Amino acid sequence: MSTKFQRAQPRIAYQLRIELQHIAPLIWRRILVPDTIKLAKLNRIVQAAMGWTNSHLHDWHIERQRYGIPDDEWAGSGDMRDERKFTVGAVLGEEVSEFMYSYDFGDGWDHRITVEERLPIQDGRNDWPMCLAGENACPPENVGGPPGYTDFLQAMRDPRNDQHADYWSWWGGPFDPAGFDINAANMAIRKLR
């Protein structure tokens, strides 16, 4: 006799607007996520929607609580709650309207996330994670945070810049700072487990 594990059925879909801070023009994404997913999966969804590679540490700041992956070897994780144990619905509930997500503590990519709407689940329409909209390309990983990204863009635009050839080679060709492909974002989100 076997018992099947029943997953909780989503009741609410959160429409979230993610804005990368300290960069102009604004880099943003709008995503839809069911209330039953864990914060750990929300991390991977944000990564896929933005275009990050999920190769650095991250944390969430929600209602004076910090969430992430606690690590005894990392001194800064002592007050961190384990994101693998909390669902989006449990931490956002009905009241939270805005929270922060930080990625790559060395580069310092800070994201303000606004809860735009709480929508009732409609089976087959909004009961899975997806990207609804966005603008502008995600900065490359390891570019040096917002100041490094500014330097990168200036060098990529100006062939006379001393760093132009190095950045061109490092990136692998031209970089379109206005480029955002919603189809690629959704394909990356759909591949997540």
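Proline 25 counts as exposed, because its relative accessibility is 59% and the cut-off for exposed is over 50%. Keep in mind that this is a predicted model.

**Proline 25 and its surroundings**
- You'll find proline 25 in the loop that runs between strand E1 (12-20) and strand E2 (27-34).
- The peptide bond joining alanine 24 and proline 25 is cis, with omega at about 0°.
- Proline 177 sits 152 residues apart from proline 25 along the chain, yet 9.2 Å separates their C-alpha atoms.

**Asparagine 43, a helix residue**
- Asparagine 43 belongs to helix H1, which covers residues 39-50.
- Is asparagine 43 buried or exposed? Asparagine 43 counts as buried, because its relative accessibility is 3% and buried means under 20%.
- Leaving out residues up to four places away in sequence, asparagine 43 touches Asn54, His58, Trp60, Glu83 and Tyr101.
- With tyrosine 101 there's also a polar contact, side chain to side chain, at 2.4 Å.

**Two loop residues with positive phi**
- Aspartate 104 isn't a glycine, but its phi is positive anyway, at about 60°.
- Where is aspartate 104? Look in the loop between strand E6 (98-103) and strand E7 (109-120).
- The loop holding asparagine 142 lies between strand E8 (130-135) and helix H3 (145-157).

Methods
Residues numbered from 1 in each chain as written. Predicted model: local features only at pLDDT ≥ 70, side-chain atom pairs only at ≥ 80, totals over all residues. Heavy atoms only, no water. Helix = DSSP H or I, 4+ residues; strand = E, 2+ residues; numbered from the N terminus. Buried < 20%, exposed > 50% of the residue type's maximum accessible area, 1.4 Å probe, protein only. Polar contact = N/O pair within 3.5 Å; in protein donor to acceptor, adjacent residues only side chain to side chain. Contact = heavy atoms within 4.5 Å.
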